[in-house]
Amino acid sequence: MPEDQTPANEEANSREVAVLGGGSFGTAMAKVLGENGHIVHFWMRDEAQAEEIRSTKINRRYMPDIVLQGDIRPTTDLAEAVRQAEIVLVAIPSKAFRTVIREHSTEFRDGQIVVSLTKGIEEQGFKLMSEILLEELPRCRSGVLSGPNLAGEIVNRELTATVIAAKDPEVRRAVQDLLGCEYLRVYANVDVYGVELAGALKNIYAIVAGLASAMDMGENARAMLITRGLAEMSRFAVSLGANPMTFMGLAGVGDLIATCTSSKSRNFRVGYALGKGKKLDEAVKELGQVAEGIYTLKLVREKSEAIGIYMPLVRGLYEILYNNASINAVINSLMMAVQNSDVEFILPRTISQS
């Protein structure tokens, strides 16, 4: 084939996609889509930010060292972006998620695929983003994308895997085809609630891990915190209807490991700053971005107490962040707690009768 000839199937596979949200992860997904040959309508609120990306191909605020390749079209006109797209990926912070979707609900088409990339929980009613999509866009086909997906690595084309969760097999296949490439592998799952709740809950434990790292706790202690965090988040999620096996996959333990061990994680960085003696407001201001775990912590603490689920790490972190409790006092309290079972979801053995 001549060098200047485009493969016959590349143009045929090109699709028009909208990415809503001009933050780190929205930028990372826009970059993947652009490089995969799709037309990307990249929506953000700030016209100056959109114009900068148009003229320089760089989102300087969030990804100052990354050039966005491909047909990426920054815009502040959300209605136009949605109208032109076959598939819409939503990377809007959880606090604004419902407002933005509701304001533009009439712009979405019947059967249009809408996928949430947001790892958070809405305060009113403890709603996940997928539940908001079902309520606000019942005419659309929805799903969620979650996993160990640090945006800073994705934009550098480092090997990554993610999970698309949806009840509709066509939604799962469409997103796999859309995003899959030589460095990004997309796995499928039908447990929408479990995948999404895992993505929201792990942010709490990333803050805990950041605290532990700042205090120079040993590897044993950090391993304990991560695995007890996994037990705690899965216990909570299963009580709300999630499949426990989801937490053994990429969206569960995979995402937990990535965010609890990486200084690239926003929630880890907030925890690290707190562990070095900074106040919560100072840590958030220094970060300059949304750390969803701060909001999720409040909601999960309230919900866990309301339904009677034992979550000592959540309770301890809440006391540190919001009641000015001593970090050492909370750690001592955790170590004096009842020593429960290691693994709570063990499949029963089948004993053959001879």
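**Rings, burial and a binding site in a predicted model**

Modeller: The centres of domain 1 and domain 2, taken over C-alpha atoms, are 25 Å apart. Their contact takes 31 residues from domain 1 and 27 residues from domain 2. Keep in mind that this is a predicted model.

Colleague: Where do domain 1 and domain 2 lie in the protein?

Modeller: The domain assignment gives 16-190 for domain 1 and 194-336 for domain 2. UniProt, in an unreviewed entry, places "domain: Glycerol-3-phosphate dehydrogenase NAD-dependent N-terminal" at residues 16-170. Over residues 16-170 the chain is 34% helix and 25% strand. The end C-alpha atoms of that stretch are 17 Å apart.

Colleague: How many aromatic pairs does a search of the whole structure find?

Modeller: The search finds 3 aromatic pairs. One of them joins Phe-268 and Tyr-272.

Colleague: Why is the pair of Phe-268 and Tyr-272 called stacked?

Modeller: The planes of Phe-268 and Tyr-272 are at 25°. Stacked requires planes under 30 degrees apart, so this pair is stacked. The ring centres are 6.5 Å apart, and the cut-off for a pair is within 6.5 Å.

Colleague: What separates Phe-268 and Tyr-272 along the helix?

Modeller: About one helical turn, because they are 4 residues apart in helix α12, residues 266-275.

Colleague: What makes the pair of Tyr-318 and Tyr-322 tilted?

Modeller: Their planes are at 40°. Stacked needs under 30 degrees and edge-to-face needs over 60, with the rest called tilted. The pair of Tyr-318 and Tyr-322 is therefore tilted. Their centres are 5.0 Å apart, which is within the 6.5 Å limit for a pair. Tyr-318 and Tyr-322 are also 4 residues apart, in helix α15 (residues 312-322), so about one helical turn separates them.

Colleague: Buried or partly exposed: what are Tyr-318 and Tyr-322?

Modeller: Tyr-318 has a relative accessible area of 15%. The cut-off for buried is under 20%, so Tyr-318 is buried. Tyr-322 has 24%, so Tyr-322 is partly exposed.

Colleague: How do you know that the charged end of Arg-301 sits over the ring of Tyr-318?

Modeller: The charged end of Arg-301 is 4.0 Å from the centre of that ring. The distance cut-off is within 6 Å, and the charge must also be within 35 degrees of the ring normal. Arg-301 is listed as sitting over the ring of Tyr-318.

Colleague: Where does UniProt place the feature "binding site"?

Modeller: The unreviewed entry names Lys-119, Arg-266 and Asn-267. These residues are spread over 149 residues of sequence, yet they cluster in space, with a largest C-alpha distance of 12.4 Å. Of these residues, the lining of the largest cavity includes Lys-119.

Colleague: Why is Lys-119 called buried?

Modeller: Its relative accessible area is 18%. Buried means under 20%, so Lys-119 is buried. Lys-119 lies in the loop between β5 (113-116) and β6 (121-122). Among the residues that Lys-119 touches, beyond four places away in sequence, are Asn-203, Asp-255 and Glu-292.

Colleague: What makes Asn-267 buried?

Modeller: Asn-267 is at 6% relative accessibility, so Asn-267 counts as buried. Its place is in helix α12. Leaving aside neighbours within four places in sequence, its contacts include Asn-203 and Glu-292.

Methods: Residues numbered from 1 in each chain as written. Predicted model: local features only at pLDDT ≥ 70, side-chain atom pairs only at ≥ 80, totals over all residues. Heavy atoms only, no water. Phe/Tyr/Trp six-rings, centres within 6.5 Å; stacked < 30°, edge-to-face > 60°. Helix = DSSP H or I, 4+ residues; strand = E, 2+ residues; numbered from the N terminus. Buried < 20%, exposed > 50% of the residue type's maximum accessible area, 1.4 Å probe, protein only. UniProt positions renumbered as here; feature names shortened; annotations may be inferred. 1 Å grid on protein atoms, 1.4 Å probe; cavity = no way out; pocket = protein on both sides within 12 Å on 5 of 7 lines; lining within 4 Å. Contact = heavy atoms within 4.5 Å. Domains from an automatic or database assignment.
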